[in-house]
Amino acid sequence: MRIECKQVRSTLVVKLSGEFDMMIADKLRREIDSRLESKQITNLIINLEKVTFIDSSGLGVIIGRYKKISSQKGHMYIVGASASVEKILTFSGINKLIPIYKNEQDIINI
Amino acid sequence: MAMNIRNYMRIEFPSLPENVSFARASVGAFAAQLDCTLEEIEEVKLVVSEAVSNCIIHAYDNRSNEKIMVMASIGLERELEILVEDTGKGIADISQAMEPTYSSDETRMGMGFTFMKSFMDNVEVRSIVGEGTSVTLRRTFLYHDKEALA
């Protein structure tokens, strides 16, 4: 699993690749939280384009960051989920809390 | 459920986080013998991931030097049975542990058993406090020609 972060104005874009399970969950949680605390970030985009697998550990990281972001009145989006990953996101109900878009450009266009 | 076993596998590994993917990939590759769809294999991998993660996080409180055993067998009637066993702290209230909880543990979503129950036909949990837990997951896969006719 690889984690790439970039900041675009007040938005943190986190691009993940590989399998999103407990192996990476803690590291990713720390990585995102330290950036949320130290920088002027209000919004978060999680790019799952290259994620091939997700389980509860991955969903836990996403829902935890959603709670943080929404408590600070920010917005969070998920982009690029494959059909199998989107199935799990939908099954968990995360899609009712966090909008899912095809790609980052779609969010910029709204 | 009495099952006539056609093939089986058994693996044992320490409770290291990297072994979660090893376990689901192994059982996924084994289940591929059932000639099921990729989507079904993904579901099998997910439930194994959940069961093995439970062992590491809950049974062993994230200690990495404990033992986890995973066994899978395939029956003559396209049944798959997966057994995940630990010798950890055990579960005092199994029905409570199996309820979907969204916030009990920030590290996960509390959906492990929900996924297991949804993607498998049957989930059986046996546990003795202080001795360990075993989770048995069963699913019978349809024949694809039957699915096509359905």
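Helices H1(B) and H2(B) cross in a right-handed sense, where a crossing is left-handed if the near helix is turned anticlockwise from the far one by less than a right angle, and right-handed if clockwise. The model is predicted; local features need pLDDT of at least 70, side-chain atom pairs count only at pLDDT 80 or more, and totals for chains, interfaces and linings use all residues. Residues are numbered from 1 along each chain as its sequence is written, with chains lettered from A and ligands numbered from 1 in the order in which they are written. Helices (H or I, at least four residues) and strands (E, at least two) are DSSP runs, numbered from the N terminus.

H1(B) spans residues 18–31 and H2(B) residues 38–59; their axes are 8 Å apart and pack at about 145°. Axes are lines fitted to C-alpha atoms, for helices over the stretch in contact, and angles run from 0 to 180 degrees between N-to-C directions. On the H1(B) side the contact includes Val20(B), Ala23(B) and Val27(B), and on the H2(B) side Ile41(B), Val44(B) and Val48(B) are among the residues involved. Two residues count as in contact if their C-beta atoms, placed from the backbone, lie within 7 Å. This contact comprises eight nonpolar, three polar and two charged residues; Ala, Val, Leu, Ile, Met, Phe, Trp, Tyr, Cys and Pro count as nonpolar, Asp, Glu, Lys and Arg as charged, and the others, Gly among them, as polar.

H2(B) also packs against helix H4(B) (residues 112–119), the axes coming within 9 Å and crossing at roughly 145°. The crossing of H2(B) with H4(B) is left-handed. Phe115(B), Met116(B) and Phe119(B) are among the residues supplied by H4(B), while Leu46(B), Val47(B) and Ala51(B) are among those of H2(B). Six nonpolar, three polar and two charged residues make up this contact.

The contact between the chains takes 19 residues from chain B and 15 residues from chain A. On the side of chain B, H1, H2 and H4 each give two or more residues, and H2(B) gives the most, with eight. That side divides into seven nonpolar, five polar and seven charged residues.

Chain A contains five helices and five strands, in the sequence pattern β-β-α-β-α-β-α-α-β-α. Its radius of gyration of 13 Å is close to the 13 Å that the globule rule gives for 110 residues, so chain A is as compact as a globular protein of that length; the radius is taken over C-alpha atoms, and the rule is 2.2 Å times the number of residues to the power 0.38. Among contacts in chain A between residues at least 6 apart in sequence, 69% join residues at least 24 apart.

The five strands of chain A form an open sheet of mixed pairing, ordered S1-S2-S3-S4-S5; two strands pair if DSSP finds at least two bridges between them. S1 (2–8) and S5 (100–101) of chain A stand at the edges with a single partner strand each, so one side of each lacks a neighbour in the sheet. Strands S3(A) (residues 43–54) and S4(A) (residues 76–79) run parallel and are joined by four bridges, with Asn47(A) opposite Val79(A). Helix H3(A) (residues 83–92) packs on the sheet, touching S3, S4 and S5 of chain A, and its direction makes about 120° with that of S3(A). Helix H1(A) (residues 22–38) lies across S1(A) and S2(A), running at about 15° to S1(A).
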